[in-house]
Amino acid sequence: MSHNPKPSRRDRQGASNRSDGVVRGGDVNEPVVELKAVPLWLVVLLGVLFYWAQLHLDHNAAGFQARVYGSFDSFAQVDSLQPKSDTEALLARGKVVYEQACGVCHQPTGLGSQSPLAPPLAGSEWVNTPGPGRMIRIALYGLQGEISVKGEMYNAAMPGGVGESLSDADLAAAISYIRQAWGNKASLVSPQQIKAVKEKMAGHPQWTAEDLLQFPADE
Ligand code: HEC
């Protein structure tokens, strides 16, 4: 009797259950364990994916710098660095905006710089006025010509539009930060105060120190 090359399940069961004990059908179709090489394209694809993943992580993870990674020892430490109040959050935001928009010239320390020439904001009488009006005007429209800051004369130019390119909320945060940082002690500023100056002064050219002194210091 010839073997059926593809016995059905029932055939095979039948074969092995035969009462005469003779098993037919054989095991020609049983699964066989066999080693096969992984296809080359799969190895190459995995290699390329791995390389891309490394680049992606490196670009998006700040190059795994110690400043970003591993700088916290515990959750308690992370918690202690979270802002505790709205004012703290505002000043933290202001610090970031300040460093991006004004810090290039006035420096993150607020001490100003020789190159580019910029007077200090730390301890400046133009910053520590009772009202924020002067600072808002300077930040929005810039300043040029001679100006005395902390007893020293400067004659440079701050471009207009630095503060205009920021949202009212961001500029308010930055000016609030400046008025409270580095030992400065002046009131916080609201976005509404920025908006009010913008509405009255829209398109104003760069100020001179003299122009600014026309406005009361508590405005
Ligand atoms: C491109 C450089 C530059 C940038 C950016 C800049 N400033 Fe100034 N700032 C100056 C210079 C220069 C002066 C002095 C101008 C003069 O001599 O008339 C000045 C003067 C000032 C003054 C008055 C003088 C003093 O030191 O107190 C204030 C206040 C001020 N800037 C605030 C700001 C704020 C706020 C920002 C960001 C929104 C800013 N500046 C961004 C260059 C800059």
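**Entry 1: the overall layout.** I read the elements from the N terminus on and got α-α-α-α-α-β-β-α-β-β-α-α-α. That run holds nine helices and four strands; helices (H or I, at least four residues) and strands (E, at least two) are DSSP runs, numbered from the N terminus. I noted that this is a predicted model, where local features need pLDDT of at least 70, side-chain atom pairs count only at pLDDT 80 or more, and totals for chains, interfaces and linings use all residues. Residues are numbered from 1 along each chain as its sequence is written.

**Entry 2: burial.** I looked up how much of the protein is buried, and 21% of its 219 residues count as such. A residue is buried if 20 or more other C-beta atoms lie within 10 Å of its own, exposed if 12 or fewer, and partly exposed in between, with C-beta atoms placed from the backbone.

**Entry 3: around the ligand.** Which residues are closest to the ligand? I found Cys-102, Cys-105, Pro-119, Ser-124 and Met-158, in a shell of 33 residues; a residue is near a molecule if its C-beta atom, placed from the backbone, lies within 6 Å of it. Among the elements giving two or more residues to this shell are helix H5 (103–106), strand E4 (152–158) and helix H7 (168–180). I sorted the shell into 27 nonpolar, six polar and no charged residues. Here Ala, Val, Leu, Ile, Met, Phe, Trp, Tyr, Cys and Pro count as nonpolar, Asp, Glu, Lys and Arg as charged, and the others, Gly among them, as polar.

**Entry 4: two helices meet.** I then turned to H6 and H8 (residues 191–201), whose axes come within 10 Å and cross at roughly 60°. In H6, Gly-133, Ile-136, Arg-137, Leu-140 and Tyr-141 meet Gln-193, Ile-194, Val-197, Lys-198 and Met-201 in H8; contact takes C-beta atoms, placed from the backbone, within 7 Å.

Entry 5: I checked the loops next. The peptide bond from Ser-115 to Pro-116 is cis, with omega near 0°, and Pro-116 sits in the loop between strand E1 (113–114) and E2. Gln-107 is not a glycine, yet its phi is positive, near 75°; its loop lies between H5 and E1. Is Lys-150 buried or exposed? Lys-150 counts as exposed because it has 12 C-beta neighbours inside 10 Å. I found Lys-150 in the loop between E3 and E4, with a positive phi of about 50°.

Note on methods. Axes fitted to C-alpha atoms, helices over the stretch in contact; angles between N-to-C directions. Contact = placed C-beta atoms within 7 Å.
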